[in-house]
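User: I would like to learn how to read a protein model step by step. Could you show me the general idea behind each feature and then the case at hand?

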Amino acid sequence: MRNVLKISVKDVIPGQKESLALQGISSLKEPSDRIVKLYQGARESFEAVCHPVGVVADITKEDFVRVYRGDGRNEASTPVGEIFEKADRLALFAVTVGHDVHERINELFGQKDFALGSMLDSVASAGVEKAADVVEARFSRYSRKRRSRSEPIVTMRYSPGYCGWHVSGQKKLFEFLKPGDIGITLRESFLMEPLKSVSGVLIQGHAEIHKVEDKYPFCIQCDTHSCRERSLRLDRHVTSRSANEGE
Ligand code: SF4
């Protein structure tokens, strides 16, 4: 099954905290009035020009093996390579906030309004992640209808370019998903056009399969170690489900 998903603009407007984090501004400190004003201006601008849309297509494990293998440039062992075999369901996805956002950012830089241009860039980056969250949540809701509510079934997204999945994997992903109909194309460098787009695989399965340790050789170069926070969230998810079952 392949679905084009319309996404409401209000669902992708990012909060001040997540937008400022991308500017390197800590949430532990109260931002100045100037920064808050900049964020508000960028948010209004983003709201006016963003056109969020996504596409999701189911994929079998056999087909995903070919997509994931790509041109053979992945690390020998990776989280996705280990997780997808244990999944109940897989889908490829791509989502964007549209071309106009990038044009507006370029316009602002062209007018030498670097502060607002840079803030809009951060708001758009946070916004496209929210759009990807919407796609992930919709896929999860649809699939969960077929499962018992007590099972800790979790959908998570993984993208080429992260955790040992080489960015060149975009090529096979695009060949399968064909997101050109929602306006997303791939450059030779494997960057997406519009730049504010996210693509990858949605992996659905028992919460435990998504728990990843930072044990891979390439983890030394990782800036975020976001798998740790993800594992903690999964633990909380499983615990709250067990508690609900016991009530
Ligand atoms: S440490 Fe970084 S690269 Fe390694 S698994 Fe975790 S998130 Fe991925």
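User: How closely do the axes of helix α3 and α7 come to each other, and at what angle do they cross?

Analyst: In general, two packed helices are described by the angle between their axes and the distance between the axes. In this predicted model, the axes of α3 (residues 61–69) and α7 come within 7 Å and cross at roughly 140°. Angles over 145 degrees count as roughly antiparallel and 65 to 115 as roughly perpendicular, with the rest between those limits called oblique, and α3 is therefore oblique to α7.

User: Which residues of α3 and α7 make the contact?

Analyst: On the side of α3 they are Asp63, Arg66 and Val67, while α7 contributes Lys172, Leu173 and Phe176. Sorted by class, the residues of this contact of α3 with α7 comprise three nonpolar and three charged ones, with no polar residue.

User: At what angle do α2 and α5 pack, and how far apart are their axes?

Analyst: Helix α2 (residues 33–49) packs with helix α5 (residues 99–110) at an angle of about 140°, and their axes are 8 Å apart. These two helices are therefore oblique to each other, and the crossing in which α2 passes α5 is right-handed. The contact is built from Ser45, Phe46 and Val49 of α2 together with Asp100, Val101 and Arg104 of α5, and by class these residues of the contact of α2 with α5 are three nonpolar, one polar and two charged.

User: Now I would like to turn to the sheet. In what order do the five strands lie, and is the pairing parallel or antiparallel?

Analyst: As a general idea, strands of a sheet pair through backbone hydrogen bonds, either parallel or antiparallel. Here the five strands form an open sheet in the order β1-β2-β3-β7-β4, with antiparallel pairing. The edge strands, each of which pairs on one side only, are β1 (2–6) and β4 (153–158), and from one strand to the next the twist averages 20°.

User: Over how many bridges do β1 and β2 pair?

Analyst: Strand β2 (residues 53–58) pairs with β1 over five bridges in the antiparallel sense, and within β2 it is valine 53 that stands opposite lysine 6. The pairing of β2 with β3 is likewise antiparallel and runs over six bridges, with valine 56 having phenylalanine 93 in β3 as its bridge partner.

User: Which strands does helix α7 touch where it packs on the sheet?

Analyst: Helix α7 (residues 170–177) touches β2, β3 (89–96) and β7 (197–206), and its direction makes about 95° with that of β3.

User: What should I look for in the backbone itself?

Analyst: Most residues other than glycine have a negative phi, and most peptide bonds are trans. In this model, a cis peptide bond joins glutamate 193 and proline 194, with omega about -5°, and proline 194 lies in the loop between β6 (192–193) and β7. Lysine 112, a residue other than glycine, has a positive phi near 60°, and this lysine 112 is found in the loop between α5 and α6 (114–144).

User: Which residues are around the ligand?

Analyst: Among them are Pro79, Cys163, Val212, Asp214, Tyr216 and His225. By class, the shell around the ligand holds eight nonpolar, three polar and one charged residues.

Notes. Residues numbered from 1 in each chain as written. Predicted model: local features only at pLDDT ≥ 70, side-chain atom pairs only at ≥ 80, totals over all residues. Near = placed C-beta within 6 Å. Nonpolar A, V, L, I, M, F, W, Y, C, P; charged D, E, K, R; others polar. Pairing = 2+ DSSP bridges. Helix = DSSP H or I, 4+ residues; strand = E, 2+ residues; numbered from the N terminus. Axes fitted to C-alpha atoms, helices over the stretch in contact; angles between N-to-C directions. Contact = placed C-beta atoms within 7 Å. Parallel < 35°, antiparallel > 145°, perpendicular 65-115°, else oblique. Left-handed = near helix turned anticlockwise from the far one by under 90°.
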